[in-house]
Amino acid sequence: MGEEGKEFFSKTLPFIQELILQLPVQFPDMKSIPILRQGHAATLTLTAHQCAVILACAFFNLLPGGWMCPSLDFGFILSTSKEKTKCLLHYFHRLAVGGISKRNVSFHRLVLKDPEKFKPQEGTKLTEFKVLPVGHMIEDAHGCLQADFANKWIGGGVLRGGCVQEEILFVEKPECLCSLLFCQVMLDNESITLVGAERFSKHTGYARGFKYAGDFVDKTPLDPKGRIANVIIAYDALVAFATNQYREDMMMREIVKTFVAVDLPKDAVCAGEKLTAYAPRADKESNSSAGEEAKDTSVVAPQQYAFDTFSTGNWGCGAFGGDIPLKSMLQWIGCSEAKKKVLYHTFGDHRAQGLESVVGAVMKAGKSSSWLWGSLLAYLKRKRQGSRNPDDAVPKLFDFLIEAAKE
């Protein structure tokens, strides 16, 4: 048996077992874990210790399934996914040798009431929209709301064969996985926000090329509620095909989904408030038991943690088949209505070519979100006319908007 195996059986596995025995202590009333139900805005805050206990139970498949919630059971990936398993075992190993830090993680279910009444407002100016080149990642945008291109079933295929943006995010930040236990499937006017999940692992590759790449020490400061100052926005895109995403009702669905995702209540994030430095212990700095706490230290400046910007990208434009030009504009409208700036990551996708040009033209013209919505509807009408008349060449969306901005 190699050193890693010896470490697992001597430290990590006994630690996981010890966590399970702490279940009655951490959750003296099992009804204290409510289901975040469809149609009801609600918040659940857990300690990092409670998260660890939940995940230890998932390791041994001890958790009940929540009604209309994903299943939280590690059995499948422990037997089939070596790289995801490495991430999960590393999480438990870090806690076993470094202790469990004294902090919290919050899970918010957000609901927009009467979504059928929502529409872009005439006086709402389009917010700042910055396009980032290849090499920038959504999760590197500290102090921003960070997009999770989610499945409507939170976590997507993270505990099955899926291994794209959401799934990778959840195994690098395993505390996110707790949401599978109590978050019901999202409706079209809902989103889920996760505040305070710590990142433990690095990775390389994507999808089938995903590989665990070692330890990550998350030094993001703590907010006044004892949470890591990191805000993950889980919002699911339309499963698109050639025609449905250009229907008016489906376009409005995406605007509503973006709006409810980023229009956070004031108490959800501690924007601009005093933060506390956080220094998690590295793998071999301590031999603390499961009950001990790592200490948090000095005060740090809050200026970079305003959470007034949405770090996003090609939402729903991979496996879900979305059109990048359309989805980028719909997200812009939703963010503008919520008074959030946009930090857009194209990841070098050629379909985003021209995005900077159209943003520049529209911003220079001082257009509103209602103008952009009206222009998208005009483009929809043009596409319909073009489909009936083969001789009527339909321009690309970005070209259409640039010309419309000149009027």
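## Strands, cavities and a pocket

Strand E2 (residues 104-111) is mostly covered, with 7 of its 8 residues buried. The model is predicted. E2 has strand partners on record here. Strand E1 (residues 42-47) and E2 run antiparallel and are joined by 6 bridges. Within that pairing, Ala42 has Arg109 of E2 as its bridge partner. E2 is also joined to strand E5 (residues 190-195) by 6 bridges, and these two run antiparallel.

Strand E11 (residues 309-313) holds Ser311. How many of the residues of E11 are buried? The count is 5 of 5, so the strand is mostly covered by the under 20% cut-off for burial. Both faces of E11 are covered. Thr309, Ser311 and Gly313 lie on one side, Phe310 and Thr312 lie on the other, and all are buried. In a regular strand, side chains alternate between the two faces of the sheet.

E11 pairs with E4 and with E12. E4 and E11 run parallel and are joined by 2 bridges. Gln146 stands opposite Ser311 of E11. E11 and strand E12 (residues 341-345) also pair in the parallel sense, over 5 bridges. Thr309 has Lys341 of E12 as its bridge partner. Between these two strands, the chain passes from E11 through helix H9 (residues 324-337) to E12. This β-α-β crossover is right-handed.

| Strand pair | Sense | Bridges |
|---|---|---|
| E1 and E2 | antiparallel | 6 bridges |
| E2 and E5 | antiparallel | 6 bridges |
| E4 and E11 | parallel | 2 bridges |
| E11 and E12 | parallel | 5 bridges |

Now to Ser311 itself. Is Ser311 buried or exposed? Ser311 counts as buried because its relative accessibility is 0%, and the cut-off for burial is under 20%. Beyond four places in sequence, Ser311 touches Ile138, Ala141, Cys144, Leu145, Gln146, Ala147, Leu343 and His345. Gln146, one of these contacts, is also the residue opposite Ser311 in the strand pairing.

### The second largest cavity

A search of the whole structure finds 3 cavities of 30 Å³ or more. Rolling a probe the size of a water molecule over the atoms shows where empty space is left. The second largest cavity has a volume of about 40 Å³.

Which residues line the second largest cavity? They are Ala48, Ala52, Tyr91, Leu95, Ile100, Ser101, Arg103, Glu175, Glu198 and Phe200. By class, the lining has 6 nonpolar, 1 polar and 3 charged residues. Helix H3 (48-59) and helix H5 (82-98) each supply at least two residues of this lining.

Ala48 lies in helix H3. Ala48 is buried because its relative accessible area is 2%, which is under 20%. Leaving out residues up to four places away in sequence, Ala48 touches Ile100, Ser101, Arg103, Asn104 and Glu175. Among them, Ile100, Ser101, Arg103 and Glu175 also line the second largest cavity. Ala48 and Ile100 are 52 residues apart in sequence. In space they are 6.8 Å apart, C-alpha to C-alpha.

### The largest pocket

How much space lies in the largest pocket? The volume is about 750 Å³. Strand E4 (145-150) and helix H6 (165-172) are the elements that give two or more residues to its lining. H6 gives the most, with 6 residues.

In total, 35 residues line the largest pocket. Phe149, Val164, Gln165, Glu166 and Tyr206 lie nearest its centre. The lining divides into 16 nonpolar, 11 polar and 8 charged residues.

The loop between E4 and H6 holds Gly156. Gly156 counts as partly exposed because its relative accessible area is 33%, which falls between the 20% and 50% cut-offs. Apart from neighbours within four places in sequence, Gly156 is in contact with Asn151, Glu166 and Glu167. Of these, Glu166 is one of the residues nearest the centre of the largest pocket. Gly156 and Val342 are 186 residues apart in sequence. Their C-alpha atoms are 25 Å apart in space.

Terms used: Residues are numbered from 1 along each chain as its sequence is written. This is a predicted model: local features need pLDDT of at least 70, side-chain atom pairs count only at pLDDT 80 or more; totals for chains, interfaces and linings use all residues. Side-chain values use heavy atoms; hydrogens and water are left out. On a 1 Å grid over the protein atoms alone, a cavity is a set of points where a 1.4 Å probe fits but cannot get out, and a pocket is an open set with protein on both sides within 12 Å along at least five of seven lines; lining residues have an atom within 4 Å of a point. Grid points are joined across faces, edges and corners, and a volume is the space filled by probe spheres set on the points. Helices (H or I, at least four residues) and strands (E, at least two) are DSSP runs, numbered from the N terminus. Ala, Val, Leu, Ile, Met, Phe, Trp, Tyr, Cys and Pro count as nonpolar, Asp, Glu, Lys and Arg as charged, and the others, Gly among them, as polar. Buried means under 20% relative accessible area, exposed over 50%, partly exposed in between (1.4 Å probe, protein chains only). Contact means heavy atoms within 4.5 Å. Two strands pair if DSSP finds at least two bridges between them. A crossover is right-handed if, with the strands pointing away from the viewer, the path from the first strand over the helix to the second runs clockwise.
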